[in-house]
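Subject: Structure handover

Hello,

Please find the structure below, followed by notes on what was found in it.

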Amino acid sequence: MASRFLILCVSSLFFFFLTVSSAPTSGYYKGDKVFDVRNYGAHGDGKTDDAMAITKAWNDACQWSGGSSTVYIPLGTFYLSQITLSGPCKSYITFIITGTLSAPRDPNLIKQEEWIEFRYVDNLTVTGGGLLDGQGSYSWSLNDCDKNPKCRTLAINIGFAFVRYSRINGLRSINSKMGHFNLFSVEDFNITGVTITAPGDSPNTDGIKIGKSKDMHIYNVTIATGDDCIAILDGTTNLDISNVRCGPGHGISVGSLGRYKDEKNVEGLTVRNSVFNGTTDGLRIKTYAKSVSEISVSNFVYDNIQMVNVGNPIVIDQQYCPHGQCDSPGKYNSHVQIRNVKYNKIWGTSTSQAALNMQCSKTFPCQDVELSNINLMYNGRDGLATALCENVGGSVRGKIVPSGCRI
Ligand SMILES: *[C@@H]1O[C@H](CO)[C@@H](O)[C@H](O)[C@H]1NC(C)=O
Ligand SMILES: *[C@@H]1O[C@H](CO)[C@@H](O)[C@H](O)[C@H]1NC(C)=O
Ligand SMILES: *[C@@H]1O[C@H](CO)[C@@H](O)[C@H](O)[C@H]1NC(C)=O
Ligand SMILES: *[C@@H]1O[C@H](CO)[C@@H](O)[C@H](O)[C@H]1NC(C)=O
């Protein structure tokens with residue numbers, strides 16, 4: 001009895017610290033109220049569907065008006081078929097995952113875009129160091145998107161839509177069926193201390209996908225996956241990325257852009273102090289050759305990036321034309337205007353000879369591209385690294401290896 005009481009005391013003390021330390025800003029929220037999913041019937045046995053229990057805990061926490069609230073998921077494996085957690089909520093809300101959330105193996109059981117969805121919430125913190133297990137290995141073989149443009153989409157692990165003033169701090173995601181994190185129309189949103197893992201050959205398992213969002217910071221994240229580590233889609237503005245370890249994967253990619261007529265500009269991206277290790281691509285901007293929207297991509301800074309055995313360290317591809325849409329190469333010119341992109345201190349090794357490759361649009365040439373302090377070595381045996389640049393305007397400062405770009 002005494003020892004049980006002690007354990008209870010110690011664990012509630014620990015829990016108290018956990019709750020306080022993960023409050024949305026530094027400082028203690030008077031009236032922070034904890035909604036433990038076990039009190040709503042969650043089993044955490046890895047078999048019973050706990051989606052309903054967690055939804056009920058969320059709904060009570062979200063409607064709590066006595067101060068800030070916390071939904072608490074303890075250690076254990078919580079099987080969830082699918083779940084949507086919606087706001088608006090009455091106050092600051094924290095979602096603590098310490099254990100594992102496990103997805104269905106059968107992809108047909110998830111009938112929404114993301115397995116776990118947060119929508120219309122402000123002042124949300126998701127934290128706790130827990131794990132999202134997408135169980136993707138059971139469905140990757142169903143993915144034929146490389147051959148079939150109308151392929152069926154599988155669920156993304158977790159999505160945030162119309163979420164503002166919020167953050168994810170300390171969370172792990174493995175083996176998503178398709179992407180891991182999807183951010184759509186979020187604002188003032190930070191992602192830190194996140195680790196994303198899927199095999200390098202798992203199809204379309206993007207790490208973090210962002211669209212129509214603004215004022216975001218992503219830092220101290222480790223992403224190893226089968227597609228883009230970070231994919232930046234149209235309508236994204238003011239995105240600051242630093243201290244990313246990416247690889248395997250397809251690098252940090254902007255695009256593909258320009259295909260649909262209602263697309264919005266991409267403006268204000270910085271990527272700093274990051275390492276790409278064994279990725280197919282590094283820093284990539286990609287637009288459709290056959291494009292209908294006249295949007296712009298502008299005000300980018302790439303600074304202090306190490307490349308370790310990267311396929312294509314620096315790429316601008318405005319000739320992107322998958323599934324034979326262009327009849328013949330060079331027939332169409334992208335209408336996306338790329339402007340004011342700075343590359344400074346990009347160094348390391350490339351596994352392809354064209355370590356620097358910028359193919360800009362003939363009708364909308366790239367403007368104000370600035371290269372400084374580039375040092376990329378080709379690690380193959382058949383010669384030195386080369387630079388290929390078409391329709392690029394701008395300037396070059398300091399030492400550039402490989403040289404030879406006509407800018
Ligand atoms: C969210 O935080 C903002 C300030 O950052 C505040 O104005 C707003 O009232 C908060 N909303 C809720 C639901 O707590
Ligand atoms: C996101 O991070 C930036 C820079 O560290 C900070 O100024 C901002 O308040 C943070 N926003 C949230 C919602 O945590
Ligand atoms: C970075 O994130 C990891 C978790 O992935 C965490 O253990 C570490 O403390 C974080 N480092 C910093 C400097 O925030
Ligand atoms: C790159 O990855 C390899 C193999 O995974 C590892 O041994 C090496 O330390 C990594 N290099 C850097 C700079 O992270």
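Strand β11 supplies three residues of the shell around ligand 2, the largest share from any one element. Please keep in mind while reading that this is a predicted model. Strands β11 (156-174), β13 (187-197) and β15 (214-224) each give at least two residues to that shell. The residues surrounding ligand 2 are Tyr165, Ser166, Arg167, Asp188, Asn190, His217 and Tyr219. Two of these surrounding residues have side chains that can be described further. In Asp188, a polar side-chain atom is 3.0 Å from a nitrogen atom of ligand 2. In Asn190, a polar side-chain atom is 2.3 Å from an oxygen atom of the ligand. On its own, ligand 2 has 360 Å² of accessible area, and the protein covers 54% of it.

Ligand 1 is next. Cys89, Ser91, Tyr92 and Asn123 are the residues around it. A polar side-chain atom of Asn123 lies 2.6 Å from an oxygen atom of ligand 1, and one of Tyr92 lies 3.4 Å from an oxygen atom of this ligand. Of the 360 Å² that ligand 1 exposes when taken alone, the protein buries 49%.

Ligand 3 has Gly193, Thr195 and Asn220 around it. The side chain of Asn220 has an N or O atom 2.4 Å from an oxygen atom of ligand 3. For Thr195, an N or O atom of the side chain is 3.5 Å from an oxygen atom of the ligand. Taken alone, ligand 3 exposes 360 Å², of which the protein buries 29%.

The largest nonpolar core holds 94 residues. Phe95, Phe118, Phe160, Tyr302 and Tyr343 are the residues with the most contacts inside this core. Helix α2 (residues 51-63) contributes the most to the core, with seven residues.

Setting aside its neighbours within four places in sequence, Phe95 is in contact with Ile54, Trp58, Val71, Ile73, Leu85, Phe118, Leu124, Thr125, Val126 and Thr127.

Regards

Methods
Residues are numbered from 1 along each chain as its sequence is written. Chains are lettered from A and ligands numbered from 1 in the order in which they are written. This is a predicted model: local features need pLDDT of at least 70, side-chain atom pairs count only at pLDDT 80 or more; totals for chains, interfaces and linings use all residues. Side-chain values use heavy atoms; hydrogens and water are left out. A nonpolar core is a set of buried Ala, Val, Leu, Ile, Met, Phe, Trp, Tyr and Cys residues joined through side-chain atoms within 4.5 Å. Buried means under 20% relative accessible area, exposed over 50%, partly exposed in between (1.4 Å probe, protein chains only). Helices (H or I, at least four residues) and strands (E, at least two) are DSSP runs, numbered from the N terminus. Contact means heavy atoms within 4.5 Å. A residue is near a molecule or strand if one of its heavy atoms lies within 4 Å of it. A polar contact is a pair of N or O atoms within 3.5 Å; within protein, one must be able to donate a hydrogen and the other to accept it, and residues adjacent in sequence count only if both atoms are side-chain atoms. Accessible areas come from the Shrake-Rupley method with a 1.4 Å probe; for residues, only the protein chains shown count as cover.
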